[in-house]
Amino acid sequence: MAEENRSTYPNPSQQPASPSPPPPAPVPLTPGPRASRLQQVFGQALARTLRANSYANFSGCFPTPAKHVPASLESVWRQLNAKLEESAKAEFDDIMHERNAVGHLNELDRLVGEARHRRDNGQGESRVAPHTLTPDELYRAHLTPYLQETRSNLNAKIHDTEAENAELAQHIQRQRAEIEALLSGLESVVTDLEGAAVAASQFSGENDLRQEAFKMDEEVKARSEI
């Protein structure tokens, strides 16, 4: 009887291994190639934006403070740029965290690497039955097109941002040129006003001399008649 039980219920350690594939390794949180490239592109775009807001462009918009209190104006400019940089980085980090961008991009790197490995080893023509895949693999397969679309959208937004930054820099340069032209015109007006004031004072002095001469002439005539 014991022998029958042993033959009917074999030892679990003697059973063949399960044909299911092993679970995939967890996605690392350290930025991979694509996540690192995204962070690099963001850093470059932010640096170009900050360079466009240089002190020369900033002070050109405020000529009076730049002339009389340049140190205070430069301090305000530095604080403004620091706040802009801090806010941009914080918002970018929040978006990366909310979207789990690092994890998704790392997973995309892994999927692309596996696909290249299968292609290089001649495994591209073999079809994998969907029922042999784990739920996580199926989820990733459906997620890949979304990640590719998200990457394209991010690249398009970055390109648009760079174009807007370049246009903004040109606009600031045009405003600076207009301000310089206005200042030059104001200097010409001030010069004309000063010249008019000098001429008016000279005319007033000459007019006083004429009136005194006229009075003296009248007194001489009055005395001669007497």
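# Reading a helical chain

Q: At 21% relative accessibility, what does Y55 count as?

A: Y55 counts as partly exposed, because buried requires a value under 20%. Bear in mind that the model is a predicted one.

Q: How far should I trust the predicted coordinates, and where does pLDDT stay under 50?

A: Where pLDDT is low, the coordinates should not be read in detail. Here the average pLDDT of the protein chain is 79, and 75% of the residues reach at least 70. Residues 1–23 are the stretch where pLDDT stays under 50. For that stretch the model has three contacts beyond four places in sequence.

Q: What is the secondary structure of the protein chain?

A: The chain has seven helices and zero strands. Along the sequence the pattern reads α-α-α-α-α-α-α. Of the 226 residues, 15% count as buried. Among contacts between residues at least 6 apart in sequence, 79% join residues at least 24 apart.

Q: How do I read a pair of aromatic rings?

A: Two values describe such a pair: the distance of the centres and the angle of the planes. The count in this model comes to three aromatic pairs. In one of them, F42 and F92, the ring centres are 4.0 Å apart and the planes meet at 5°, so this pair is stacked. F42 belongs to helix α2 (residues 33–52) and F92 to helix α5 (residues 70–99), so the pair ties together parts 50 residues apart in sequence. F92 has 15% relative accessibility and therefore counts as buried.

Q: How are the rings of Y55 and W77 arranged?

A: Their centres lie 5.5 Å apart with the planes at 65°, so Y55 and W77 form an edge-to-face pair. This pair links distant parts of the chain, with Y55 in helix α3 (residues 55–60) and W77 in helix α5, 22 residues apart. W77 has a relative accessible area of 14% and is therefore buried.

Q: Which residues make up the largest nonpolar core?

A: The general idea first: in soluble globular proteins, nonpolar side chains tend to be buried together. In this model the largest nonpolar core has nine residues: A35, L38, V41, F92, M96, A101, V102, L105 and I158. Two or more of its residues come from each of α2, α5 and α6 (101–120).

Q: How do I judge the span of a helix, and how far does α5 reach?

A: Compare the distance between its end C-alpha atoms with what is expected at 1.5 Å a residue. α5, with 30 residues, reaches 43 Å from its first C-alpha to its last, close to the expected 44 Å. For α6, which has 20 residues, the reach is 28 Å, close to the 28 Å expected.

Q: Which residues of α5 are buried, and what covers them?

A: L73, W77, N81, F92 and M96 are buried in α5. Their cover includes α2, α3, α4 (63–68) and α6. In α6, the buried residues are A101, V102, G103, L105, N106, E107, L108, D109 and L111.

Q: What does N53 touch in the model?

A: Leaving out residues up to four places away in sequence, N53 touches F58, W77, L80 and N81. N53 sits in the loop between α2 and α3. Its relative accessible area is 17%, so N53 is buried. R51, in helix α2, is exposed, at 56% relative accessibility. The C-alpha atoms of R51 and N81 are separated by 9.5 Å, although these residues are 30 apart along the chain.

Q: Where does UniProt place the feature "coiled-coil region"?

A: The unreviewed UniProt entry puts this feature at residues 151–178. In the model, that span is 100% helix and 0% strand, and its end C-alpha atoms lie 41 Å apart. The annotation comes from the record, whereas the helix content is computed from the model.

Key
Residues numbered from 1 in each chain as written. Predicted model: local features only at pLDDT ≥ 70, side-chain atom pairs only at ≥ 80, totals over all residues. Heavy atoms only, no water. Phe/Tyr/Trp six-rings, centres within 6.5 Å; stacked < 30°, edge-to-face > 60°. Helix = DSSP H or I, 4+ residues; strand = E, 2+ residues; numbered from the N terminus. Buried < 20%, exposed > 50% of the residue type's maximum accessible area, 1.4 Å probe, protein only. Core = buried A, V, L, I, M, F, W, Y, C linked by side-chain atoms within 4.5 Å. UniProt positions renumbered as here; feature names shortened; annotations may be inferred. pLDDT = per-residue confidence, 0-100. Contact = heavy atoms within 4.5 Å. Expected span 1.5 Å × (residues − 1).
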